[in-house]
Every structure is written in C-alpha cells, then in structure tokens.
Amino acid sequence: MRKYLIGLLVLAVLLTVPVITFADDPVTIRYFTFSAAPDHLDDLNEMIQIFEAEHPNIHVVVETAPWGDYWTKLPTLVAGGQAPDVFELNYENFVTYASRGLLLNLETPAAGDAAFNAGVYYPRAYGAFQYKGMQLGLPATFSTVMLFYNKDLFDAAGVSYPEPDWTWDDAVAAAKELTDLANGVWGLHSPVQFWEFYKKVAQNGGSFFNSIDGSVTVNSAQCVEALEKMVGFITEDGVMPSASDMGGMSDGDMFLSGQLAMNVTGIWMFAAFADAPFSWDIQVEPGFTEHATHFFANAVSVFAGSQHPEEAWEWVKFFTSSPEMARIRVASGWELPALDNPTYFADYLNLTPPDNREAVFESLNYAIVPPVIERQNEMQDTIGLLIERVVLGQMTAQEALDQAKTEIEELLK
Amino acid sequence: MVGTKGFHKFLWVCLFLLPSLSGLLLFTGFPVISSLILSFHKWDLLSPARFVGLGNFREIAGSQQFWAALGHTIYFIVGYLPFVVAISLAVAVLLNQKLRGEVFYRAAFFTPVVSAWVAVALLWRWIFNPRFGLLNYALGLAGISGPSWLFDPAWAMPAVIITSIWKDIGFLTVMFLAGLQNIPTVYYEAAAIDGASSWRRFWQITLPLLSPTIFFALVISLINSFQVFDQVWIMTGGGPAGATSVLVERIVKNAFSYSRMGYASALSWVLFLFIFGVTFVQIRAQKRWVTYE
Amino acid sequence: MNKNTPPSRSDLRRLCLYLITVTLSLGMIIPFLWMVSTSLTGDQYVLRMPPRFFPSPLTIKSYLQLAELLPIGRMFLNSLFVAFAVTIGQLLTSSMAAYAFARIRFRGSSWLFLIYLGTLMIPFQVTITPLFILMRYLGWINTYQGVILPGVFTAFGTFLLRQFFLTIPRELEEAAFMDGATHWTIYWRVILPLSKPALATLGVFAFMSSWNAYLWPLFVLNDSSMMTLPVGLAALHGRWLTRWNLVMAGSVITIVPMLIVYLLAQKHFVRGVAMTGIKQ
C-alpha cells in the first residue's frame with residue numbers, strides 16, 4: 001500500500017513538474033535598437049530589469065548597432081529571416097517597413113488589453129505611426145529642433161535675446177550685429193540640407209506636394225523664395241559660415257567654441273552643451289510667414305512575423321508608456337518619452353541649462369512632419385545635392401528646384 | 001619525377017587546391033553568383049525579388065550618376081596608382097639600406113596602414129582645412145592662396161587622392177621590402193665587382209628581379225582602387241555636390257540606402273567587367289616585362 | 001671609412017638618406033600621435049581644430065571611461081581569437097593553392113587563376129547579403145565559425161604567395177625530386193622555409209584585415225559577448241554626438257596590437273640565408 005502511494009506521489013510530481021516549467025517557460029524576445037548604445041545601455045537594462053520583474057516569463061535580449069549601420073543591418077536581418085521581434089524605427093524609415101507589411105498591427109493586442117490606454121501618448125506622435133488606418137508602432141521618444149543662442153555674445157554686442165515671434169528677418173538683423181569675422185564669430189547657423197529646407201518651405205507657406213492632388217510643388221514661388229533666403233544667409237547676408245568656412249568642424253563644436261551666436265539644432269545637444277563655458281538658452285525657431293518646427297519621433301514596432309507577438313506587445317507597451325520608463329528617461333537625459341502628461345516633464349523643465357525649456361513644448365504647436373515618399377532616401381539625397389549646388393553657385397534656386405521637381409516625379413513613378 | 005604524370009598529378013593538384021578552392025566557392029563563389037542573378041532582379045531586401053531582365057543594365061547605361069561616378073573613379077585611379085607604386089618602391093629601396101633604427105622607420109610607415117580611416121580622415125581634414133590647415137598654411141608661406149580642398153568640387157578628389165597615397169604607401173612598401181629581401185645579394189656583389197653604378201644596379205638587377213612583386217602590386221592596387229570607397233565615404237560622403245562620387249559609393253547607396261539591391265548588384269557587375277578587362281590586359285602584358293626565375 | 005678624413009660624398013649621401021627617412025617617418029606617425037594626445041584629454045564632444053598635440057590637463061580618464069562603457073577586454077580577446085584563426089587559415093590554404101599554381105604545371109591553371117582573381121573584383125558590399133543568407137542556412141549566425149571562415153578564403157593570399165613562389169629557382173626542387181621527394185615534401189621542406197618574408201607579409205595582412213574588419217562581424221554577430229573591437233567601438237559614434245576622446249582611446253587600443261604583430265613579423269623580412277649562396 002505504501003509503495004502504491006509513493007508511486008502515485010512520484011507520478012503526481014512528475015506530471016506537475018513539466019506543467020509548471022511549461023507554464024513558466026521563459027520566452028525570449030529580441031529588441032534591436034540604435035538609440036541605447038553606448039551612453040544609455042545602463043538605463044535600458046534598468047528598464048528591462050523592472051519589466052522582467054513584472055513579467056517573469058519574458059526575457060528581453062538587446063541587440064544594438066550604430067545609427068548609420070542600423071539601416072544596413074535591419075534589412076539584412078529581415079532578408080536573412082533573422083528579424084528581431086521588436087525594433088526601433090524613426091519616422092522616415094517607418095513608412096518603408098509599414099508599406100511592406102512587415103509590422104504587426106498593434107490594434108489586435110491593444111483591443112484585448114484592458115490595461116492599455118492610447119490617450120497617454122502625445123497625439124501627434126501616436127498618429128505619426130499609423131499607416132492606412134493601422135497602428136503599426138508605438139511612439140517611444142520625440143525631439144524638437146530649437147534656436148540655441150549664446151547669451152554672452154548677445155550681451156557683449158548689446159543685442160536683445162530672440163523672441164518667440166521672431167521672423168528670419170529679425171534673426172538676420174540680429175546676426176549681422178553679432179557677426180564679427182575678425183574674431184571668428186558668425187551670427188547664425190541653420191544647416192543647409194533636406195530637413196531644414198522642407199521646414200523653411202513650410203515656414204514660408206509652401207510645401208513639397210500639393211495636399212489635394214499630390215502633385216509636386218517643390219518649385220513653387222514660396223519654395224524658391226525659402227531656398228534663396230536659406231542660401232542667402234551665407235552668400236548675401238554673410239552671417240552664416242559656409243561648409244568651407246566651417247572646415248569640417250560640426251556646428252555643435254563651433255557653438256561650443258563660441259564661434260556661433262545662434263545655432264539651429266536639436267534638443268539632443270543639451271548634454272553636449274551642458275558644460276559650455278558661456279551661458280546659453282533656447283527659443284522657438286523663427287519663421288518666414290508662419291512658424292513651422294521639426295518634430296522627430298522614434299517608435300518601436302513588432303515584426304509581423306514574430307514568434308512571440310503577445311510578449312512583444314507587453315514589452316512595447318511598457319517601453320513606451322510605463323511611468324518607470326519615463327522616470328528613468330528624464331532622469332538620465334535619454335530623450336523625451338512621447339507622453340502627453342505634464343507630470344513626467346516637471347523634472348525635465350526644472351533642469352538647466354537651458355532655462356527656457358518650456359520653449360520645447362511650445363514649439364510642438366508648430367510641429368510638422370517630413371514629406372515622405374516610397375523612395376525617401378533618394379529624394380533626400382537629390383534635394384541635398386541640388387541645395388549644395390545652389391550654395392556653391394553652380395545653379396540658381398529656381399533651376400535647382402525645377403530639376404528637383406523633375407527628379408521627384410521620376411521617383412514617384 | 002614523382003607527381004608529373006596524369007592522374008597522379010591530378011591528385012596532387014586536388015590536394016593542394018581543394019582547401020582554398022572549396023572555401024572560396026562556398027563563401028565567395030556562391031554570393032558572387034547570387035549577386036549576378038540579383039542583377040537581373042529588383043530587390044529591396046524586405047519583399048521578394050522581382051525579375052526585370054536587363055532593366056537594371058539599361059538604367060545604368062542611361063544614368064548620369066553612373067557615368068559621373070565612373071569618371072570620378074578613373075580620375076582617382078590615374079591620380080593614385082602611378083604615384084603610390086612609385087613612391088612605395090622608392091621608400092622600400094630607402095628602407096632596405098642598412099640604416100640604424102630601421103625597425104622604427106618600418107613601423108612608422110606601417111602605422112597609417114593599420115590606422116582606421118576614421119582617425120586618418122579626421123587628421124587630414126585638419127591638414128586640408130581651408131582656414132587654418134597645415135597645407136594652406138605652408139602654401140601661404142610660399143605666397144600661394146590655397147583652395148578649399150575638401151569643400152571645393154575641383155579640389156576634393158585631389159585631396160582624397162593625396163590622403164589615400166599617404167595611407168597606402170606602407171602597404172606596398174612592406175610588399176616591396178619582402179621582394180627586395182628575396183633578391184640574392186650575390187647578384188649585387190657580382191655587379192659591384194664589375195663596377196656598375198648604383199643606378200645601373202637598380203635598373204638591371206633590382207627592377208627585373210622585383211618585377212613579379214611589382215606586377216602583383218599593380219594588379220592588386222588596380223583592383224582595389226577601382227573599388228575605392230572608405231576614404232570617400234568618410235572624408236567627403238561623395239561630395240561636395242557629388243564631385244567625389246565613385247562607383248562603389250553608388251553601389252553602397254543603392255544597396256543599403258535606397259533599398260535597390262538588384263540595381264546595386266548590376267552596378268557591381270558592370271564594375272567587374274571594367275576591372276576584369278583591365279586586369280586581363282595587365283596579365284597578357286606581363287610577358288613583356290615581368291621576369292620570373 | 002677613415003675617421004680622420006673629411007666627410008666624403010658617400011657620408012653626405014648617408015646623411016641625406018637619414019634626413020629623408022626620419023622626416024618621412026615622422027610624417028607618417030603624426031596622426032597616431034594626435035590620436036594618442038586626444039585620447040589623453042578630457043574633451044568629450046569637442047574635436048579641437050586645430051588639434052593640440054600636448055593636451056593639458058593630461059588624463060587617462062578616457063581609457064577608464066571606455067572600459068566602463070564597453071566590455072573592452074572581452075572585445076579585445078574576441079578580435080585576437082578571430083584574427084589568429086583567420087591568419088593561420090589564410091596562411092595554410094593560400095600557400096597550398098599558391099604552390100599548385102606556381103609549381104605544378106597543369107591544364108587550365110591560368111584560367112582557374114583568372115577565376116581566383118575574379119573573386120577579388122566584386123565589391124563585398126553586394127556579396128555580403130547573400131553570404132548572410134547562406135550563413136543563416138548553415139546555422140552559423142552569431143557563431144565564431146561564421147565570423148572566421150569567410151575571412152579565411154580569399155584569393156589575395158594565393159596571388160601574393162604565387163608571385164613569390166615563382167621567383168624560387170627550380171633547381172632546388174629538381175634536386176629534391178631526384179632524391180624521390182613528393183610535392184608535399186617539397187612544399188613543406190623547401191618552398192615554405194624559403195618564403196619566410198612572403199609568409200610573414202601575408203600573415204601581417206591577413207591579421208590586419210581580420211582585426212579591422214567591421215561590416216561582416218556587424219552583420220553576423222548579435223551577441224555583445226562575441227563582438228570584436230571595431231564593431232563594439234563603432235557604438236561610440238552616436239547619432240547626434242560623438243565622444244571623440246573615447247573614439248581616439250579606442251583607436252589607440254586597436255592600433256597598438258597591430259603594430260606589435262607587425263614588429264614581430266618584420267623580423268622575418270630578412271633575407272633567407274640559403275638564397276645568398278646560389279650560383280647562377
């Protein structure tokens with residue numbers, strides 16, 4: 001009898017053990033990122049530890065690649081059948097992956113998840129990652145581009161600080177007072193490239209494409225004027241250094257060395273400028289006839305072919321909306337979470353420099369997204385090349401944009 | 001003699017060739033054939049490939065960007081190859097003299113070769129800096145106003161060429177040094193006894209006996225310079241205004257930035273035809289000037 | 001040379017040679033000095049133009065920060081292991097193939113050699129994706145063999161060694177053949193010992209190409225514990241910001257072992273003693 005009972009007990013144990021291990025079988029999901037390494041790997045690992053404590057059956061493995069090579073490696077992983085479960089995407093590349101059906105429609109897991117509330121996200125960021133009515137990514141971070149200015153240089157020249165309602169004419173007037181070539185100081189820097197160009201176009205009331213019929217309007221009068229003025233900062237007004245004048249130094253380096261009184265760049269530079277040997281602040285970027293500012297957002301998406309969509313969903317939900325994640329991000333200066341909740345940003349706003357951090361959120365009122373087409377990188381390179389030619393004096397703005405129109409129409413075929 | 005008859009020889013050939021050949025076929029041959037097949041397709045890596053026949057090649061023939069890149073590549077080769085070979089040869093002969101501290105000199109010349117392009121490009125960007133770079137400073141002392149180098153479409157390629165020559169000298173010097181060491185001293189001794197001048201010794205002994213190495217250096221350098229990429233990518237990104245856009249830069253842009261792997265593969269095969277053609281001519285021509293033992 | 005005579009023309013010549021050599025050598029190592037000097041500064045995000053060669057204050061903070069930020073020791077060992085494996089693999093397989101091309105006259109040898117050369121003429125940026133797919137098929141993604149093997153089989157080594165083998169006089173082999181030696185014995189006991197300079201050269205190049213390899217290890221390795229130096233250090237180039245002092249510290253760490261390998265190998269660039277006694 002005892003042997004019988006022992007046998008039964010052993011059998012019971014043997015049967016429960018696989019059930020227990022099966023139920024707790026840890027699922028490993030791979031998360032591929034470009035923004036974590038190397039400065040914020042610790043922050044990411046902290047978030048993962050919190051997440052894994054809440055979800056003991058999910059294990060997150062991080063894979064990283066530097067920004068430029070990320071866009072080489074990710075397609076290769078997909079082509080080789082080795083796609084990660086979750087990966088980071090920025091807005092321009094999101095469309096590429098979304099349009100090829102490579103991203104999981106997150107509305108399915110969201111619908112079945114009572115704990116999920118889409119309202120926590122900043123609406124513009126949330127909407128940016130929708131494609132043909134499907135939610136294909138959750139916004140993880142956003143950043144804006146501001147006008148940075150060197151207060152010491154302004155004080156020394158007796159120029160009053162930039163105001164939120166400045167136009168570029170105001171900025172150029174101030175820049176002329178601030179430019180002191182004998183001492184190697186330029187008044188202004190606003191990069192002459194694709195992203196600045198579409199923004200200046202919007203600031204001048206123009207656009208690359210007609211919003212109604214989708215025709216290419218990149219050579220309209222407003223666009224040509226915007227380009228002429230942009231290039232004019234260098235060639236006519238003489239307040240901005242050309243690439244040759246910069247000689248390979250980045251605008252960030254020049255600003256830090258006190259060679260630029262005003263610099264249009266992103267809020268990601270706060271960390272680099274924190275130890276600047278002069279006092280500086282930010283302001284909403286000037287406009288032409290209206291304001292338009294950059295809005296850069298990154299999302300995390302789930303690979304459509306992932307073997308573990310439910311676990312991946314838990315991770316993307318946590319990574320984009322949990323309070324712990326937001327706390328860690330703001331505390332370590334690792335980009336801003338795309339959450340529409342001022343309590344998360346109270347700490348952010350209290351950090352200095354710069355003092356005027358409210359301007360970051362003010363500029364969101366004028367935020368625009370880039371014009372995106374299927375052959376995005378080719379369009380970016382084409383516009384970039386043509387803009388360069390105008391700066392070098394090889395073409396006029398009108399000629400360049402007429403050619404841009406032809407080439408973009410080719411790309412749209 | 002053992003190993004000279006038919007089947008026996010075949011076995012020996014197999015033994016010696018098989019390790020290298022099998023690996024080469026698998027890890028290079030297969031990808032190369034794949035890229036040939038891909039050149040007749042459109043493939044963005046993310047969706048299945050689509051057959052387009054000669055479409056890519058037709059696009060290449062009519063592409064202004066391709067012809068410009070081809071021109072820039074040839075410009076690079078013509079400006080780079082003769083100088084890097086000649087200078088490296090001179091340096092190798094120089095370092096072959098019994099100088100004291102030759103270990104230091106050899107290490108010094110090899111340092112640029114092992115340095116990553118990131119660091120080399122940074123340094124040379126300073127040297128070429130239009131305002132306070134070393135080169136324009138030196139030119140200024142001679143009363144010449146230097147150009148904007150990397151920022152001037154006319155001078156960017158010469159700047160890239162100069163940097164490339166500087167970096168690669170050590171590579172070829174090492175090669176030539178090994179070749180020089182291979183020449184039996186007995187020839188030089190005999191020539192010295194006959195009273196030949198050092199210049200004559202160079203032409204009559206050194207060059208001919210070094211010719212297999214020189215041939216190697218020319219062929220390899222040509223194959224490599226047709227595929228010039230890293231320095232252009234890092235120093236100028238193909239600019240300014242596309243002035244330094246070369247073939248492999250176009251290939252990489254198309255393959256990874258524009259997601260046009262099929263088109264990029266087609267470009268690679270057009271490049272291959274050029275390289276193969278030139279190399280073939282070189283090999284045929286070697287009978288005229290290369291002396292083997 | 002007589003110590004009491006005035007400097008002769010050959011003395012002046014030697015002086016000139018020294019001057020030229022020293023000047024050129026200095027010109028070659030200046031970037032390295034700049035790298036070292038930048039790595040010893042505390043400057044993080046700023047790259048000084050014009051560069052300062054004598055940083056003040058001098059600090060080794062960058063190296064410490066680098067070690068904290070990245071698993072440098074692990075990456076270093078990975079690089080070392082992979083580079084050694086590739087070097088030995090290349091030396092063995094290339095020398096054997098080169099022997100076949102240079103020493104055995106067989107039909108089709110020229111055409112096969114041309115095919116070998118042909119493999120060098122396709123940019124690897126387009127072969128890398130099919131190679132990756134092949135690796136996936138073999139199950140070698142994220143493995144050491146996946147990183148090592150593609151680097152072992154290259155026509156470059158075969159070409160280089162073939163050229164050297166061709167310069168070795170046939171009399172040596174003919175004598176050995178008379179004594180009943182096989183191809184293998186000749187390869188192992190005659191050709192290889194005489195080719196030390198060439199083998200040392202190839203060894204250096206093979207080690208270097210593997211040590212500095214970036215794109216392939218980036219693709220094929222996912223595990224941070226297997227990463228090699230170039231891949232790990234690339235993370236220092238952020239999307240917006242680059243920490244230059246760390247980049248330079250990483251570059252110095254990468255270059256120094258290569259120079260050591262070169263210095264060790266260049267001892268073998270000395271004339272093969274056996275060669276000097278050959279009568280022609």
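This is a predicted model: local features need pLDDT of at least 70, side-chain atom pairs count only at pLDDT 80 or more; totals for chains, interfaces and linings use all residues.

**Helix packing and chain contacts**

In chain A, helix α9(A) passes helix α10(A) in a right-handed crossing. The residues through which these two helices touch can be listed by helix. On the side of α9(A) they are E196(A), F197(A), K200(A) and V201(A), and on the side of α10(A) they are C223(A), A226(A), L227(A), M230(A) and F233(A).

The geometry of the pair can now be stated. Two packed helices are described by the angle between their axes and the distance between the axes. Helix α9 of chain A covers residues 194–203 and helix α10 of chain A covers residues 221–235; their axes come within 8 Å and cross at roughly 125°. Because of that angle, α9(A) is oblique to α10(A).

Two residues of α9(A) that take part in this contact, E196(A) and K200(A), also pair with each other. Side chains of opposite charge can pair when their charged atoms come close. Here, E196(A) forms a salt bridge with K200(A), in which the closest N and O atoms are 3.0 Å apart. The two residues lie four residues apart in helix α9 of chain A, so they are separated by about one helical turn. Over all chains, the structure holds 19 salt bridges.

Helix α9(A) has a further partner within chain A. The axes of α9(A) and helix α18, which comprises residues 376–391 of chain A, come within 9 Å and cross at roughly 85°. The two helices, α9(A) and α18(A), are therefore roughly perpendicular to each other. In this contact, F194(A), W195(A) and F197(A) of α9(A) meet Q376(A), M379(A), Q380(A), I383(A) and I387(A) of α18(A). These residues divide into six nonpolar, two polar and no charged. F197(A) therefore deserves attention on two counts, because it belongs to the contact of α9(A) with α10(A) and also meets α18(A).

Chain A also contains a backbone feature of note. K132(A) has a positive phi of about 50°, although this residue is not a glycine. Its place is the loop between strands β4 (130–131) and β5 (134–135) of chain A.

Attention may now turn to chain B. This chain has 12 helices and two strands. Read along the sequence, the pattern of chain B is α-β-β-α-α-α-α-α-α-α-α-α-α-α. The C-alpha trace of chain B spans about 70 × 70 × 30 Å along its principal axes. Where does the peptide bond that is cis, with omega near -5°, occur? The bond in question runs from G239(B) to P240(B). P240(B) is placed in the loop between α10 (230–235) and α11 (247–257) of chain B.

Chain B meets chain C in a contact that takes 95 residues from chain B and 98 residues from chain C. The area buried between these two chains is about 8900 Å², and carbon and sulfur atoms give 78% of it. The count of salt bridges between chain B and chain C is zero.

A pair of helices illustrates how these two chains come together. Helix α12 (residues 261–289) of chain B and helix α4 (residues 109–118) of chain C pack at an angle of about 140°, with their axes 11 Å apart. That angle makes α12(B) oblique to α4(C), and the crossing of the two helices is right-handed. From α12(B), the contact draws on F272(B), F276(B), T279(B), F280(B) and I283(B), while α4(C) supplies L114(C), L117(C) and G118(C). The residues of this contact divide into six nonpolar, two polar and no charged.

Between chain C and chain A, the count of salt bridges is zero.

How values were computed
Residues are numbered from 1 along each chain as its sequence is written. Chains are lettered from A and ligands numbered from 1 in the order in which they are written. Side-chain values use heavy atoms; hydrogens and water are left out. Axes are lines fitted to C-alpha atoms, for helices over the stretch in contact, and angles run from 0 to 180 degrees between N-to-C directions. Angles under 35 degrees count as roughly parallel, over 145 as roughly antiparallel, 65 to 115 as roughly perpendicular and the rest as oblique. A crossing is left-handed if the near helix is turned anticlockwise from the far one by less than a right angle, and right-handed if clockwise. Contact means heavy atoms within 4.5 Å. Ala, Val, Leu, Ile, Met, Phe, Trp, Tyr, Cys and Pro count as nonpolar, Asp, Glu, Lys and Arg as charged, and the others, Gly among them, as polar. A salt bridge is a side-chain nitrogen of Lys or Arg within 4 Å of a carboxyl oxygen of Asp or Glu. Buried area is the accessible area (1.4 Å probe) that two parts lose on being put together, summed over both.
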